[in-house]
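Q: Could we go through this model together, starting with its pockets and then moving on to a helix?

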Amino acid sequence: MAGKTLYDKLFEAHLVRQNDDGSSLIYIDRQVLHEVTSPQAFEGLRLAGRQPWRIDANIATPDHNVPTTERSGGVDEIKDPVSKIQVKTLDANCDEFGILEFKMNDQRQGIVHVMAPEQGAILPGVTAVCGDSHTATLGALGALAHGVGTSEVEHVLATQCLITKKMKNMLVRVDGELGPGVTPKDVVLHVIGLIGTAGGTGYAIEFGGDVFRNMSMEGRMTVCNMAIEAGARVGLVSVDQITLDYVNGRTYAPKGEQWDQAVEAWKNLVSDDDAEFDEVVVINGADIEPQVTWGTSPEMVVSVNDTVPNPANESDQVKVDGINRALAYMGLSADQKITDIKLDRVFIGSCTNSRIEDLRSAAEVVKGRKVADTIIQALVVPGSGLVKEQAEAEGLDKIFTEAGLEWREPGCSMCLAMNPDKLGAGEHCASTSNRNFEGRQGFGGRTHLVSPAMAAAAAIAGHFVDVREFVKQ
Amino acid sequence: MKKFTKMTGIAAPLDRANVDTDMIIPKQFLKSIKRSGFGPNLFDELRYLDEGQPDQDCSGRPLNEEFVLNKPRYNGTSILLARENFGCGSSREHAPWALEDFGIRVVIAPSFAEIFFNNCFKNGLLPIVLSDEQVDQLFKEVEANEGYELTVDLESQVVVTPSGAEMAFEVDEFRKHCLLNGLDDIGLTLQYADEIKAYEAKARQQSPWLFDAIK
Ligand code: SF4
């Protein structure tokens, strides 16, 4: 009999029952809540007279709507009334049901997917849900994490279970080593460019091979975060020593004897050598270069030294139309050099790239340099209060502000422009976030997804540059 | 979800075809963080003469006296008589929420839009399909008799008029079971509460660190 994949093991270990209609009921160990997708779920519980099944499985923090400018005035001073109501409602619901919440000005507050692993609330081998598609991030710990909708948030609150169907298994193996200046973000953008935004639909994608084995936990989180941009609801990395070292000592991680017991159990959280995947993609790490998206979908991505695609080179009419539409929206012309794209704003942050390593790598590039005069605004938004504190202890905030970047309070910020941080119409932004859809960062805004180092270099140059060459200057 | 077994209540005739969900609950009310409280804005554009705003107190707004639900004789309506293709348009679940919040438990029509029809069952509402002739007859009787009440018995699948005439209707077995027992998706899963608890007891043994850690 063939061995099992990590996904198979996690799924089977959490199976409560097989329903007659082919769906499965799986047990959910952890739910992470934020202010946008939870209010109607709590309301539903109240209307039905139900209680949460298990309070200690939940952890909450507001992130999407919080202002990232000075906010010591607290929730009452949030200007946008809808944002204010959503944040207040989360506070009230968590207070009412006794759910642990890190409120807006708590040092531990942050973007859900940054906060939860940082606290040790997400552990190897758990199942987790959050009403947000980038929950896939948490798979980096060897956890089975699903993004869900509001009715599922309510379902998990009330039953501690999720109704789901088993997915297929895909392995994305990146062999060898990455070249200098090539980051996890470049790896995942390259993968999406290769398999497309629907390539992973219906699959749980496991990222394997030497490149991931040697990658830090934070890098693995960046990669799993964008599994959803490749169409997969679930991204995973098998557990190894790097995982254990990351988890050890975190607030809600097991301690003492329980730690030893847990480590023993977690050793099994790897895909077996003879596991069969439904689909395998193999990439040579040395082939990956710094990536830049030029269009309005994450799969519209090229290497920094390439040019914008020419629809004349495409035969498929659907693709030709797609390229033409994206070129028009982005205000770019075919065959234009990526390095000639001029930028108006730079955003370093989001659940993809707002952890300490991301900030370090951006700081290294801007240190002793100045943001180009043509850049209207360059923001650095740490993923959590603790990331912010760490960065300040290392003096990164000074490096950023001296170079002319703004240093902000933690939150989602310009990733989706639900708070006041937005792009103006027609503006180009080098962004370390995960979605470059039309209007994502503000009406008419033009987003280019890149790594933190590439965004930092672009902020200094005023246009895209190959960060590998740039740092030599 | 509220159970639905058998009920008797005032019926009101909404005599127009293709009532869409935007008519049932206009889009400006979808920004709410709640799923209750939509009742005062049910049929907002038909019911009031001004344009409704979210979070507004509706008690002082000018009423359209011509609209059926504003007529005193239909006070306390719990059964809505409607024409074909009721509930068409956007998939918003706010439409059944608004009907339910207003106090309506049954909608009788010759046909319904499919998503709306499904959404009703998830929210404790019973949509009943009767033939054109039957619906016509009910419209005539309601309009002719003030205080006209219908009885709807889900168990035996009949609508009973004040004269004792019975009109049988079809309903999917599984949906009937869920409505009779007040089971939504959550209710259905909770039927397996023992299995969930058994799983949990085993998990607590195997991975005690996953319990009582976050507080
Ligand atoms: S940072 Fe962006 S992608 Fe991540 S959770 Fe927030 S809004 Fe979603």
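Q: Which element gives the largest share of the lining of the largest pocket?
A: That share, five residues, comes from H5(A), where helices (H or I, at least four residues) and strands (E, at least two) are DSSP runs numbered from the N terminus. This is a predicted model, in which local features need pLDDT of at least 70, side-chain atom pairs count only at pLDDT 80 or more, and totals for chains, interfaces and linings use all residues. Residues are numbered from 1 along each chain as its sequence is written, chains are lettered from A and ligands numbered from 1 in the order in which they are written, and side-chain values use heavy atoms, leaving out hydrogens and water.

Q: And how does that lining divide by class?
A: The lining of the largest pocket has eleven charged, eight polar and seven nonpolar residues, where Ala, Val, Leu, Ile, Met, Phe, Trp, Tyr, Cys and Pro count as nonpolar, Asp, Glu, Lys and Arg as charged, and the others, Gly among them, as polar.

Q: New topic: which residues of H8(B) are buried?
A: They are Ala193(B), Ile196(B), Tyr199(B), Glu200(B) and Ala203(B), with buried meaning under 20% relative accessible area, exposed over 50% and partly exposed in between (1.4 Å probe, protein chains only).

Q: Where do they sit around the helix?
A: Seen down the axis of H8(B), the buried residues fall within an arc of 120°, so they line one face; the arc is that of the directions from the helix axis to the C-beta atoms.

Q: What does the face turned away carry?
A: That face of H8(B) carries the exposed residues Asp194(B) and Gln205(B).

Q: Is Asp44(B) buried or exposed?
A: Asp44(B) is buried, with a relative accessible area of 1%, and it lies in helix H2 of chain B, residues 44-47.
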